[in-house]
Amino acid sequence: MDDATLNNGLEMPLLGFGVYQIAPEQTEQAVTEALAAGYRLLDTAAAYGNEEAVGRAIKSSGVPREDLFVTTKLWIQDAPAEENTERAFETSLAKLGLDYLDLYLMHQPYGDVYGQWRAMERLYGEGRAKAIGVANFHPDRLVDLILNNDVTPAVNQIETHPFFQRTADQALMREHGVQIQSWGGFAEGRNDLFTNPLLSGIGEAHGKSVAQVVLRWLTQRHVVAIPKSVRAERMAENIDVFDFELSGDQMAAIATLDTGTSLFFDHRDPEAVRLLGTRRLDD
């Protein structure tokens with residue numbers, strides 16, 4: 001497994017396992033099988049409702065804690081945001097059954113972002129979160145956060161896939177020492193990704209599936225990927241992407257698929273802000 005070195009020196013696997021949209025009752029088995037397949041980066045969130053199942057799988061796996069890289073995410077907190085961020089962190093940590101997190105991300109760029117970030121900076125300073133970062137931050141919001149705080153986010157997890165490649169965003173993040181991480185790497189199959197002729201042809205040339213081509217394309221761009229599956233055979237396939245390399249011509253060909261727009265929603269759209277920004281978790 002190749003790693004990315006974060007801006008504080010922490011090593012983060014380039015390929016991990018995500019549990020977004022996996023039902024809590026399926027998550028423990030899925031994570032157990034992912035760990036058995038060799039995944040060591042696990043990505044969850046308070047908003048996914050499956051942190052406890054992830055924690056059970058970790059506990060029963062027998063994998064040493066120091067060999068794992070566990071990420072969860074802070075949902076938008078009501079005032080006082082600093083106090084509630086610390087409470088939310090403790091809740092997530094307890095559900096996961098862990099003493100510390102490898103990475104704690106602010107899930108959405110809404111609410112009292114700065115109050116939340118100050119609390120996250122304290123958690124980082126105490127060593128309870130080995131790294132802190134953000135998700136869904138567009139470049140303007142990311143730079144503003146960097147300029148007005150002490151700790152630069154280690155990671156920004158954003159929608160990144162062949163149809164929305166985020167190359168300019170990645171260049172800006174690299175300039176500021178922020179690691180890009182992809183969510184929705186397969187675009188949830190939209191735009192007929194898994195039967196795309198270009199991706200299929202590249203896969204045939206390497207004896208690989210379209211999914212493997214996409215994951216190799218991401219990791220070769222040094223984008224951290226977190227594919228999700230509930231099928232053990234697909235997990236094994238997804239992690240088997242470090243034994244081939246895409247050529248410069250193949251990378252350039254994939255670049256032509258970029259539409260430059262989200263296939264899901266724009267975090268700067270007022271309606272998206274209203275829907276996400278007013279949602280609160282029960283606990």
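Residues are called buried under 20% relative accessible area, exposed over 50% and partly exposed in between, with a 1.4 Å probe and protein chains only. The legends below describe a predicted model, in which local features need pLDDT of at least 70, side-chain atom pairs count only at pLDDT 80 or more, and totals for chains, interfaces and linings use all residues. Residues are numbered from 1 along each chain as its sequence is written, and side-chain values use heavy atoms, with hydrogens and water left out.

**Figure 1. Overview of the chain.** The chain has 11 helices and 9 strands; helices (H or I, at least four residues) and strands (E, at least two) are DSSP runs numbered from the N terminus. Its C-alpha atoms fill a box of roughly 55 × 40 × 35 Å along the principal axes. The radius of gyration, taken over C-alpha atoms, is compared with a globule rule of 2.2 Å times the number of residues to the power 0.38. For 283 residues a compact globule would have a value near 19 Å, and the 18 Å of the chain agrees with this. Of the 283 residues, 52% count as buried. Contact means heavy atoms within 4.5 Å; among contacts with a separation of 6 or more, 74% join residues 24 or more positions apart.

Figure 2. A pair of aromatic rings is described by the distance of the centres and the angle of the planes. Rings of Phe, Tyr and Trp (its six-membered ring) pair if their centres lie within 6.5 Å; planes under 30 degrees apart count as stacked, over 60 as edge-to-face and the rest as tilted. The structure holds 6 aromatic pairs. In the pair shown, the ring centres of phenylalanine 89 and tyrosine 104 are 5.0 Å apart and the planes stand at 75°, so the arrangement is edge-to-face. This pair links distant parts of the chain, with phenylalanine 89 in helix H3 (residues 81-96) and tyrosine 104 in strand S6 (residues 103-106), 15 residues apart. Phenylalanine 89 is buried because its relative accessibility is 0%, and tyrosine 104 is buried because its relative accessibility is 0%. Elsewhere, ring pairs join Trp183, Phe264 and Phe265 into a cluster.

Figure 3. Helix H2 (residues 51-61) has Glu51, Ala53, Val54, Gly55, Ala57 and Ile58 as its buried residues. These buried residues pack against H1, strand S4 (41-43), strand S5 (69-74) and H3. After H2 comes glycine 62, with a positive phi near 80°. Threonine 27 belongs to helix H1 (residues 24-37) and, at 0% relative accessibility, counts as buried. Not counting residues up to four places away in sequence, threonine 27 touches Val19, Ile22, Asn50, Ala53 and Val54.

**Figure 4. Threonine 72 in strand S5.** Threonine 72 is found in strand S5 and is buried, with 0% relative accessibility. Leaving out residues up to four places away in sequence, threonine 72 touches Thr44, Ala45, Ala46, Glu51, Ser92, Leu96, Leu101, Leu103, Tyr104 and Leu105.

Figure 5. Most residues other than glycine have a negative phi, and most peptide bonds are trans. Alanine 79 and proline 80 are joined by a cis peptide bond with omega of about -5°; proline 80 is in the loop between S5 and H3. Arginine 166, although not a glycine, has a positive phi of about 60°. Arginine 166 sits in the loop between strand S8 (155-159) and helix H6 (167-176), and counts as buried at 7% relative accessibility. Asparagine 191, also not a glycine, has a positive phi of about 55°. The loop between strand S9 (179-183) and helix H7 (197-206) contains asparagine 191, which is partly exposed with a relative accessible area of 42%.

**Figure 6. The surroundings of asparagine 136.** Asparagine 136 is found in the loop between strand S7 (132-135) and helix H5 (139-147), and at 8% relative accessibility it counts as buried. Apart from neighbours within four places in sequence, asparagine 136 is in contact with His107, Gln108, Pro109, Asn156, Gln157, Ile158, Trp183 and His267. The C-alpha atoms of asparagine 136 and arginine 216, 80 residues apart along the chain, are separated by 22 Å.
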